[in-house]
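Here's a quick briefing to read alongside the model. Take a look at the sequence and structure first, then follow the notes below.

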Amino acid sequence: MLQAIGGTVPPNTDHAVSVSLPTWRSNVGYEEGEEWVISKMQCGYPRFFVHPSIQKLAQEVVRRVGNPETETATLFASVKTAQICRSFIVSKVSVEEARKVRIVNFVPSPHAEAGAKTITSSLSAVIYAKEHAPLAKPVWQHSGNGISSRRGEFCMRALEDGFLVEEKITASAESIAQRPCKGPRRYQGRGSINGITRSPPTETSSPANGVEDGRDYAQFIEERFGRNLSTMLADQAKLAVRKRIAGVLTADVDLNEALQTESAEGRVAGISEDDVYLYPSGMSAIFNTHQTLLASRGQLKSICFGFPYTDTLKILEKWGPGCLFYGHGSSEDLDDLETRLKNGERFLGLFTEAPGNPLLRTPDLVRIRALADKYDFAVVVDETISNFININVLRYADIVASSLTKIFSGDSNVMGGSAVLNPQGQYYKMLKETFDREYEDIYWAEDAVFLERNSRDFVTRIDKINSTSENITAMLKESPLVKDVHYPKYSPTRPVYDSLRNPHGGYGGLFSVTFNSNAEAVAFYDTLEVLKGPSLGTNFTLASPYVLLAHYGELDWAKSFNVDPDLVRISVGLEDLSDLRSRIETALKAVEKARK
């Protein structure tokens with residue numbers, strides 16, 4: 001039985017990362033905005049679909065400090081991330097309209113701040129006219145800096161109970177709009193925001209039900225969340241996660257043991273958890289890495305090498321001086337790049353994926369590294385699909401970014417991302433100084449706790465998923481019904497991938513399969529009895545008509561880079577191998593019927 005359209009994936013999960021689109025037609029309906037699909041959406045991938053709890057909070061914020069008839073809001077965890085959104089909107093509208101786009105901040109009330117060891121949250125709302133929503137949407141989607149659904153729930157409850165209150169700023173909206181964002185140092189002090197003197201929050205700025213009832217903040221946390229959310233627990237969870245990502249902790253252990261375990265040798269010599277920076281999502285890690293490179297190296301164009309995950313290219317194009325795009329990621333592309341470099345062109349950095357999505361091809365990182373060293377540009381590698389248990393790309397990169405939402409978590413119920421600096425890299429000292437100056441820890445405490453718990457057994461999970469994936473792809477490779485199987489093991493770039501493999505590393509859990517007609521692809525997808533929706537790296541097998549979802553408005557463009565619009569992408573989970581084989585065999589029988 002296929003899951004209903006619009007349900008959470010996994011089922012019955014309040015903070016699910018994926019959403020059920022069980023048929024090919026439902027995916028098209030979603031992209032076309034058809035009511036029969038959109039009306040059933042309980043959730044969606046968090047950067048593309050604003051979670052209901054965040055929608056509700058945004059409506060309440062506008063009700064309190066805006067005009068619900070004409071205005072809406074996009075929510076962030078800090079003034080800095082909100083300012084990025086505001087700046088993007090005002091760059092696209094008239095001066096008169098820009099003055100109406102404003103940031104309203106909510107901060108913990110004195111009653112909340114009194115509990116120094118208890119979690120609190122600030123909230124920055126970018127408020128703008130409803131007709132400007134299409135301008136705010138790409139910031140939410142591409143930057144990945146928006147608040148998480150768990151933070152949204154927390155802030156809503158804190159707002160209702162008077163523990164989160166509007167911050168009164170002693171400046172006009174017009175002067176706020178005209179003052180630029182100056183960097184994170186501005187936001188660390190308690191005296192100013194954007195250089196504007198601010199006054200302490202007042203309890204009268206929102207209904208202080210909890211305060212009036214005489215309940216303290218710790219009691220609020222206990223009653224609302226069932227357990228104390230302490231800063232110590234969150235900090236410990238983040239430390240354990242950073243140790244795992246640095247590769248200095250690869251055992252399947254709980255939090256206490258993780259904190260007590262002595263660090264082993266990590267991914268590269270000299271690395272430590274201090275070289276790992278956590279973000280609310282994988283795209284936030286890439287977005288902020290790009291911003292940090294611009295801050296440290298100046299306003300130079302970037303290079304996007306290989307067919308990328310859609311938002312990476314959009315980030316490089318929309319923020320900063322633009323980018324040079326090599327969609328094939330071939331040796332010929334590297335030849336062209338080398339010619340440009342020899343002729344004097346200079347670049348900020350080269351952004352690539354290892355392997356790429358959805359063709360699973362691996363870029364020639366050895367040659368890229370050599371060019372970077374010779375012609376002075378940084379190398380940023382997104383390792384989300386492969387993960388560092390399978391391959392070690394950090395030795396060839398200056399920064400490695402990853403979506404922790406995927407295989408690192410596995411449970412598909414929390415977002416997260418990381419950026420890792422290579423202590424052996426040529427820009428390490430400069431990047432370390434800039435990251436430490438510019439970095440904001442806006443990763444929500446409760447999300448960190450869930451991510452740490454989910455990641456405790458990620459090494460064991462990866463081993464099983466590697467084995468199952470090799471078996472399934474071999475079966476599909478042998479089928480005469482299949483046009484092609486895209487998987488690192490069968491890719492023309494396999495020698496490059498193998499050169500990056502760790503001693504016990506495998507080929508990962510993601511592959512793509514194509515057929516000889518759209519009808520055959522539809523038959524396979526619709527018949528395949530697994531969960532279906534966006535995302536990958538889940539503990540359960542997850543299928544998606546990936547190109548349709550990621551590039552619906554640019555299918556011909558994708559096809560120009562040999563990316564089949566009818567491609568079906570499958571992320572292998574922890575199911576029993578014989579069971580998964582049986583389901584795929586049934587789907588292949590449907591392909592055979594469609595062919596006849």
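## A phenylalanine and a strand

Phe458 is buried, at a relative accessible area of 2% (buried means under 20%, exposed over 50% and partly exposed in between, using a 1.4 Å probe and protein chains only). Keep in mind that this is a predicted model, where local features need pLDDT of at least 70, side-chain atom pairs count only at pLDDT 80 or more, and totals for chains, interfaces and linings use all residues. Residues are numbered from 1 along each chain as its sequence is written, and side-chain values use heavy atoms, with hydrogens and water left out.

**Rings around Phe458**

- Phe408 and Phe458 have ring centres 5.0 Å apart and planes at 55 degrees, so they make a tilted pair (rings of Phe, Tyr and Trp, the last by its six-membered ring, pair if their centres lie within 6.5 Å; planes under 30 degrees apart are stacked, over 60 edge-to-face and the rest tilted).
- Phe408 sits in the loop between β14 and β15 (417-421) and Phe458 in helix α21, so this pair ties together parts 50 residues apart in sequence.
- Helices here are DSSP runs of H or I with at least four residues, strands are runs of E with at least two, and both are numbered from the N terminus.
- Both Phe408 and Phe458 are buried.
- By the ring rule, the count comes to 21 aromatic pairs.
- Among them, Phe388 and Phe458 have ring centres 5.7 Å apart with planes at 55 degrees, so that pair is tilted.
- Phe388 is in the loop between β13 (378-382) and β14, while Phe458 is in helix α21 (residues 458-478), so the pair links parts 70 residues apart in sequence.
- Phe388 has 10% relative accessibility, so it counts as buried.

- Five of the five residues of β14 are buried, so the strand is largely enclosed by the rest of the structure.
- Ile399, Ala401 and Ser403 point one way from β14, Val400 and Ser402 point the other way, and all are buried.
- β14 pairs with β13 in the parallel sense over three bridges (strands pair if DSSP finds at least two bridges between them).
- Five bridges join β14 to β15, and these two run antiparallel.

**Zooming in on Ser403**

- Ser403 belongs to strand β14 (residues 399-403), and its bridge partner in β15 is Gly417.
- Leaving out residues up to four places away in sequence, Ser403 touches Gly282, Thr384, Gly416 and Gly417 (contact means heavy atoms within 4.5 Å).
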